[in-house]
Amino acid sequence: MNTAAIKVLVIDDEPPIRKLLRMGLSTQGYDVLEASNGKIALEKLAEKPALIILDLGLPDIQGHDLLQMIRARDDGVPIVVLSSRGDEAGKVQALDLGADDYLTKPFGMDELLARMRAALRHQLQVHGERPVFRSGELSVDLVRRIVKVGDRDVKLSPKEYELLRVLVQHAGKVLTHRFLLKELWDELTDAQYLRVYVRQLRQKIELDPERPQFVLTETGIGYRLRAGE
C-alpha cells in the first residue's frame with residue numbers, strides 16, 4: 001500500500017510513545033499528527049486524518065467517551081486502539097463503540113503497521129464496493145454468491161454464507177461475538193450458536209481447520225477475517 005501523504009493522528013498522553021510512533025510511522029511514509037489529550041484530538045480531526053491511533057488512558061476525556069465523540073463526527077475513519085488495558089471487557093467495549101482494532105501495550109511496531117494496513121484496506125474496500133473479495137486462495141463473489149478456495153467451489157448453507165458475508169464486509173476488523181450474533185440472528189442469543197457456525201465454515205474453507213488462516217479467533221472477544229488483497 002502506498003502510504004505517501006496518508007495522515008495518521010496519534011492520540012496519546014505519553015511523550016515517549018508519541019515519539020516512538022512518530023519515528024516508526026514516519027519512516028514508513030506516513031504523515032503523523034499528534035495529540036496529547038482529547039481536546040487537542042478533537043481539534044485535529046479538522047485535518048482529516050486517514051487513520052487514528054487512540055490511547056484510552058487520556059488525562060481529560062475518558063478514552064471510550066472520546067471514541068464515541070470521534071465516531072459521531074466521522075463514522076468512517078479507521079481507529080486502532082492502543083492501550084495498556086488488557087482486560088477483555090475494555091477491548092469489547094472499544095470494538096462495540098466503533099474501534100476497528102485493538103492492540104495492548106507493549107506492542108510491536110511491525111504488528112501495529114500490519115493492523116493499520118488491514119484497517120486502511122478495509123476502508124478502501126468499503127468505499128470501492130468491490131464485488132469480489134480475495135484473500136490468499138479464498139475468493140468470495142458477493143454479487144453471484146460464489147465462494148471458492150483456489151479452483152474448488154465451496155457449498156455453504158445460507159447461515160454459513162451470511163456469516164462469511166459479514167466477515168468479508170468487515171475484513172481485517174475484529175468483530176465481537178455480540179456484533180456477529182446481532183447481525184446473524186437479529187437478537188442476542190447464546191454465543192455457542194456462533195461457535196458452531198464458525199467451526200462449520202472453517203471445515204469448508206480452511207486447509208487445516210485447527211490452524212485457520214482465514215477466520216481468525218480473537219480469544220474472548222470475537223473473530224477476524226484475514227484482510228483482503
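Modeller: The side chains of Asp 100 and Lys 173 form a salt bridge, 3.7 Å from N to O. The term means a side-chain nitrogen of Lys or Arg within 4 Å of a carboxyl oxygen of Asp or Glu. The rule finds 1 salt bridge across the interface of domain 1 and domain 2. It also finds 2 residue pairs in polar contact there, both at pLDDT 80 or more. A polar contact is a pair of N or O atoms within 3.5 Å; within protein, one must be able to donate a hydrogen and the other to accept it, and sequence neighbours count only if both atoms are side-chain atoms.

This is a predicted model: local features need pLDDT of at least 70, side-chain atom pairs count only at pLDDT 80 or more, and totals for chains, interfaces and linings use all residues. Residues are numbered from 1 along each chain as its sequence is written, and side-chain values use heavy atoms, without hydrogens and water.

The domain assignment, automatic or from a database, gives domain 1 as 5-124 and domain 2 as 130-223. Contact (heavy atoms within 4.5 Å) takes 11 residues from domain 1 and 12 residues from domain 2. The two domains bury about 950 Å² between them, 56% of it on carbon and sulfur atoms. Buried area is the accessible area (1.4 Å probe) that two parts lose on being put together, summed over both. In domain 1, Leu 95, Asp 96 and His 122 lose the most area to domain 2, together 43% of what that side buries.
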